[in-house]
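Please work through each task before reading its solution.

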Amino acid sequence: MPTVNLSKKVLEKLVGKKLSLDMLKDRISMLGTDLEHIKDDEIKVEVFPNRPDMLSEQGFARAFSSFIGVKTGLREYKVKKSGHHIIVDNSVTMRPYTACAIVKNLTMTDERIREIMQMQEKLATTHGRGRKKSCYGIYPVDKVHFPITYTAKDPATLSFTPLGFDQKIKASEIVETHPTGPKYAHISQDWKKYPFYIDAHHNVMSMLPFTNSNDTGRVELDTKNIFIECTGTEQHNVELALHMFCAMFSDMGGDIYSLEIRYPDNTLTTPRMDATPMDFDLKYINRILGLSLSEKEATTLLKKMGYGYKKGKVLVPAYRADILGQIDFAEDIAIAYGYEHFTEELPQVATIGKESPQAILERTIAHVLTGLGMLELQTYHLSNTALQTSDMSVNTTKTNQDAKKKTKSAVIELANSVSEDYHCLRSWMLPGLIEVLSHNKHHEYPQKLFDMGKVFKKGKTETGVEEDTHLGLIISHDKADYTDIRQVIDYLTTALNKEITIEETTHPSFVPGRCAQGIHKGKVIATFGELHPEILARFKLELPVAAGEIDLSAFQTISQ
Amino acid sequence: MNIDKVIAGLHPLERAVIPVLKEHKELRSIAKAAQLQEVKAMRALQWLENKDVLKRTTEVQKIITLDKDGKQYKKGQIPERIFLEALSTGAKTKEDIIKAGIAEPVLNSIIGLLRQEKLITITKEKELVFAITDKGTKALNNPLPLETFLQHDFPQPATAFDKQLIKDYAKRRIITIEQHRITTITLTALGKKLVEANLEDLDVIEAITKDVIKNETWKEKQFRNYDVTINVPAIHGGKRHFVKQAIDSAKRIWLDMGFEEMEGTIVNTSFWNFDALFTAQDHPVREMQDTFYVEDPVHGKLPNLKLVRAVQEMHEHGDEISSKGWQYQWDKNEAIKNVLRTHTTVLSAQTLARLKQTDLPAKFFAVGKCFRNEAVDWSHLFEFNQTEGIVVDPNANFRHLLGYLKLFFKKMGFERARFRPAYFPYTEPSVEIDVFHPVHNTWFELGGAGIFRPEVVVPLLGKDVPVLAWGPGFDRIILEYYKINDIRDLYRNDVKQLREMKTWSR
């Protein structure tokens, strides 16, 4: 989650009073932000993704000073007209929306420039979804010439000096040569043309979503007036970002000026810093919170969260991105009220606890098996194809008739696992259990192990994946044989009051002539026997292993 | 200890060794004399030491045994003698001597030795010419040094011989030197008395056999006393995996509180895992680096159209009453992607979709494995246990949520809990729960909770009913309880660890 670094001094200045350490610790976490640490002057706070407006020092201070009651209520942001306009060309279909503003009379310091860049980066990561949804550029006004055009161009036809470079390069080379290129190339992979901001003198201001021009897009210590552009895939999103910037710059002491955005089919004026009035359903909010707040009390709480309230409507600040409905007011009122002030209540609701049939079955089986001295394991659902197939001598290639007849042993592969050893879902339990056995050779025998869990294969379900619960059983000691595993199967089926018929069968993992299958109501539900020495050797096991795999789906209707 | 008491408690093994202790002091010879395996004799000596009968001292000794060549020389002739005898019968050159039956490498290794001892002379003509000296001829009449050495019974302690000699013989592969642990005993005052005592007369009951019971032998005879304080070999029972024990205990808490268990699949469509929980389709959690996607079958099917529409509309523009929605275009193709569930909340969504108004109020819980696409290290795993519960109750409110949470965490073993604002995509208001750790004297985060957003509930249930939900960080509780620092230990499946791990009792 994104964090914001605050200076305690700056925060105190913005809030307008001295803040004690205990008070900071307590209030920051009760505001709905997570305090990571306070060290000397530095305060590091984690901001939740629903409040990107708090990612700047100004934004955080604004929310914090309201919350502690120093300066509550809606902040008014005055916007004057700049008289400039932006022309949006109908070619920018890949990133069609933009919103702009001009801020004048700012005082820059090195610290402030760093803050601005940080806010730009953090907002683009969160609110802009890693620049995919939106990204933002800031320019000294004196360096650009209006009107500005937002248009899509073939990058081979344009050249400019990207940020951090000292000479012009072809725009088509940006993706390969500029440091931002590889990071954001996935956004532009299907584009033939790229969106550009180009000023009235035909200077490239920026190539989106990659970089600004070094000539026009560089805020310096002597910069007083700035131009901000936000571009992206949704009007709503780019305007919200713009409002967060404007509120921040205004809190820095700047004056906000609007511009006209001339789309091919309509014209907007941005920024729109006026608060949005929204209905307020106090009855609903009281019901959800279990409170009985009067309108006056609720108004006070809303003001602590930076809202205005007028004639039954909540005035939502233009920079708030997270207010979708009444429930969001409910949460903010709860925060302002203080979670610590709620009286907990345990309602008397008569419901009856009920364990799932599957859980009862698994619990019963575990009970029976531990009674036999067996030790339960916990193995991963994720596995790898070799372990699931070739390591167990199970052939997956369907080259001959014989293999075709066998059940589909194809494992379900994952598309994007970061781990080499775990890239598919297990199709049976035994491989994982045998692997465990191979890691425990140095411990005392006999080792009698079991595990129950989901196994996966293709099937006719909603997802196309069928999940069954299987039981894997392993017995190993110097005389382990068929009898050992058969005894467990017999004991278990008796305990579960299920009859199974035992037949001889063959299975590549087991010794021929020492492998059986258990049949229940015409369906094969168990395969067991002595593991083939070839497999033992592969896992470097030195003692014989009797093993079994049981499909528990047949046992679902337990002993009724 | 009283000697009679000691005698009454002697184990048959002890009784076998005691008579030989007067003559034999070293384990090997004790075992031989008592006709016992060394391990058994050792055990008897250990017991006797516990009873203050003797003291054992163990030291490492160098022991000499014959190597391959040594064994051969002991049976036949040694090369020195063959060499000298060959010279006295006319052999002169190396070739002559090899013919007499000494392999060249062996020959080379003794030439220097024999010359040093002045038993032979060497002159160099076309080739080396050897001759026996008078001393050499005389020496043949007596055992040569190596022959004397080989007359000993091996193994022998190295201390019995000259160090240089041993070094030379080892080099010639006549002997090997091994490190042995030699256990010797010294008898205590009690032991000295004990070895003189007559153990033959002692007739005690060892095992309580069928005959002992039937014939009532115990009426006339004494039972042999055991040393009940002595350690016995460990046994291992079967048991549930310690994580499953913890899960069972958590389940019991949910059941006690009147919750019904939910079950469901691990593979789900994104629709259930994300969309139904009002997670925007461009939310970072849906990205490949966080969530496992299935390669084949890559897509699943969506549930009934009415539900899908309701979810879609809530995402796109809300429902006019409770929400504005996300204000974007919802894409069915994102929703049909198969994923491994990232949270058990998917089960809550499916349960809500099945519930009828007449079923309310209702409470449900789940405990299950969830997945996130992470490389494994000490603090990260791709599988984790989650437990969560929901209360679907038209009369429920935020204060009830806090009430349930207090009770739940108290039952989990945490007397004190406090609540902070938090953020989760599908709850509002959201709560972070801290519990107080009495040993560490600190608060620590143990899970999230909240009321499901109307955007989640309305499409699934058809109506905005408060749904209280919470899910403690379950693996964290398990790690804390078992004092495990490396999260991989939950899946290490080390048989020794499992056998020795304490049982969950909370």
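**Exercise 1.** In this predicted model, what percentage of the contacts in chain A with a separation of 6 or more comes from residues 24 or more positions apart?

*Solution.* Residues 24 or more positions apart supply 69% of these contacts in chain A.

**Exercise 2.** Describe the overall dimensions of chain A and state how its radius of gyration relates to that of a compact globule.

*Solution.* Begin with the C-alpha atoms of chain A, which fill a box of roughly 90 × 65 × 50 Å along the principal axes. Next, take the radius of gyration: chain A has 33 Å, whereas a compact globule of 560 residues would have a value near 24 Å. Finally, consider burial: 57% of the 560 residues of chain A count as buried.

**Exercise 3.** Classify the arrangement of helices H3(B) and H4(B) from their crossing angle.

*Solution.* The axes of H3(B), residues 27-34, and H4(B), residues 38-50, cross at roughly 105 degrees and come within 9 Å. Angles of 65 to 115 degrees count as roughly perpendicular, so H3(B) is roughly perpendicular to H4(B). The contact involves Leu27(B), Arg28(B), Ile30(B) and Ala31(B) of H3(B), together with Glu38(B), Ala41(B), Met42(B) and Leu45(B) of H4(B). By class, 6 of these residues are nonpolar, none is polar and 2 are charged.

**Exercise 4.** Which class describes the arrangement of H6(B) and H8(B)?

*Solution.* H6(B), residues 79-88, and H8(B), residues 104-116, pack at about 75 degrees with their axes 10 Å apart. The two helices H6(B) and H8(B) are therefore roughly perpendicular to each other. Residues in the contact include Phe83(B) of H6(B) and Ile110(B) of H8(B).

Conventions
Residues are numbered from 1 along each chain as its sequence is written. Chains are lettered from A and ligands numbered from 1 in the order in which they are written. This is a predicted model: local features need pLDDT of at least 70, side-chain atom pairs count only at pLDDT 80 or more; totals for chains, interfaces and linings use all residues. Side-chain values use heavy atoms; hydrogens and water are left out. Axes are lines fitted to C-alpha atoms, for helices over the stretch in contact, and angles run from 0 to 180 degrees between N-to-C directions. Helices (H or I, at least four residues) and strands (E, at least two) are DSSP runs, numbered from the N terminus. Angles under 35 degrees count as roughly parallel, over 145 as roughly antiparallel, 65 to 115 as roughly perpendicular and the rest as oblique. Contact means heavy atoms within 4.5 Å. Ala, Val, Leu, Ile, Met, Phe, Trp, Tyr, Cys and Pro count as nonpolar, Asp, Glu, Lys and Arg as charged, and the others, Gly among them, as polar. The radius of gyration is taken over C-alpha atoms; the globule rule is 2.2 Å times the number of residues to the power 0.38. Buried means under 20% relative accessible area, exposed over 50%, partly exposed in between (1.4 Å probe, protein chains only).
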